[in-house]
Amino acid sequence: MTTTIDGARIARRIRQQVAAEVAAAALSGTVPGLATILVGDDPASAVYVAAKRRAITEAGMRDFHRHLPHHATHDDVAAVIDALAADPEVSGILLQLPLPVQLDAATLIDRIPVTKDVDGLTTTSLGLLARGEQGLRPCTPSGIIALLDAEGIALKGAHVAVVGWGELVGRPLTHLLLSRGATVSVAHEHTTDLAAVTRPADIVVVATGVPGLIGPEHVRHGATVIDVGIHRTSAGLRGDARTGELIDVAGRITPVPGGVGPMTIAILLANTLYAAERGTRPYTVPV
Ligand SMILES: Nc1nc2c(c(=O)[nH]1)N[C@@H](CN(C=O)c1ccc(C(=O)N[C@@H](CCC(=O)O)C(=O)O)cc1)CN2
């Protein structure tokens, strides 16, 4: 029997917790504010930014949004980031990815002050993560940890195979898992014998952007599969795992949609609250 992990439900609970804390903070005159920056008209990015803005408002936070045209220059985006960085009403800033080809994401992200880096993607935030020091953590990897914690899946001593080495998920997740005492194997779509890496694992996380990469041949009976992929197909949204074929193989699996995706937004709200509190408490992944 395979259990489907209801990420949407866990994300809802975290969002309610954040909203309650925002309401309490508002009594003392602090209202967290999040600024989303969207450059261009990528349809998926527009959907994600709209979802983030809805979540911000529902949590009682202030919504600052900037939309730049697809031909925006480095200086245009840098000027917007600098203005938001200087605005005391703005607790967090995020630059929606991917950016149009003429822009260098890493350079622009590094203009965001580390105290407002609610995506946890600046070089400084990633460096703090790699060193195991306090700091804001990237949303999707933190969301995956929160999901596993909420399901009561122990990480200490567990063998986790991370398939995918991207900046947004695979690399930061590897550090988060190591800091929680997991044994981590990292593979990707070019790994010669992928099954040899994933089959011994208790938990397989797949974040490659390759639709249907992971199937029953890659997963030990009873293992947990966390699917981070999102692909729009004629049959609807699909992930990087062949979910139908994993029924009765995986012990637990996240669905697409309704698994990891909603957790990304829930953690973004938690990170914004943390940023607004200016490090007055240790960063923890909400459960
Ligand atoms: N600056 C960032 N850019 C991007 C990030 C990020 O964390 N920071 N992550 C992804 C996209 N993303 C958030 O930005 C994101 C992806 C998916 C979902 C989500 O809730 N998905 C739903 C399905 C919704 C749909 O696609 O129709 C689900 O899985 O249930 C939220 C956020 C790339 N860019």
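This is a predicted model: local features need pLDDT of at least 70, side-chain atom pairs count only at pLDDT 80 or more; totals for chains, interfaces and linings use all residues.
Local features are taken only where pLDDT is at least 70 and side-chain atom pairs only at pLDDT 80 or more, while totals for chains, interfaces and linings use all residues. Residues are numbered from 1 along each chain as its sequence is written.

The chain is divided into domain 1 (27-118) and domain 2 (139-261), with bounds from an automatic or database domain assignment. The C-alpha centres of domain 1 and domain 2 lie 28 Å apart. UniProt, in an unreviewed entry, lists "domain: Tetrahydrofolate dehydrogenase/cyclohydrolase catalytic" at residues 5-119; its positions are given in the numbering used here, feature names are shortened, and annotations may be inferred rather than shown by experiment. Over residues 5-119 the chain is 48% helix and 16% strand, where helices (H or I, at least four residues) and strands (E, at least two) are DSSP runs numbered from the N terminus. The feature "domain: Tetrahydrofolate dehydrogenase/cyclohydrolase NAD(P)-binding" is placed by UniProt (unreviewed entry) at residues 138-278, and this stretch is 34% helix and 18% strand.

The ligand is surrounded by 20 residues, counted where the C-beta atom, placed from the backbone, lies within 6 Å of the molecule. The closest are Tyr48, Leu97, Pro257, Gly261 and Thr264. Because domain 1 and domain 2 both give residues to this shell, it lies between them. At least two shell residues come from each of helix 2 (43-58), strand 4 (92-95), helix 6 (139-150) and helix 10 (260-276); helix 10 gives the largest share, four residues. By type, 14 shell residues are nonpolar, five polar and one charged (nonpolar: Ala, Val, Leu, Ile, Met, Phe, Trp, Tyr, Cys and Pro; charged: Asp, Glu, Lys and Arg; polar: the others, Gly among them).

Helix 1 (residues 7-27) packs against helix 6 at an angle of about 100°, with the axes 10 Å apart. Axes are lines fitted to C-alpha atoms over the stretch in contact, and angles run from 0 to 180 degrees between N-to-C directions. Helix 1 is therefore roughly perpendicular to helix 6 (65 to 115 degrees). Gly7, Ile10 and Ile14 of helix 1 meet Ala146, Leu147 and Ala150 of helix 6, contact being C-beta atoms, placed from the backbone, within 7 Å.

Two cis peptide bonds are described here: leucine 97 to proline 98, with omega near 5°, and valine 256 to proline 257, with omega near 0°. Proline 98 is in the loop between strand 4 and helix 4 (105-109), and proline 257 in the loop between strand 11 (252-253) and helix 10.

Methods: Angles under 35 degrees count as roughly parallel, over 145 as roughly antiparallel, 65 to 115 as roughly perpendicular and the rest as oblique. Two residues are in contact if their C-beta atoms, placed from the backbone, lie within 7 Å.
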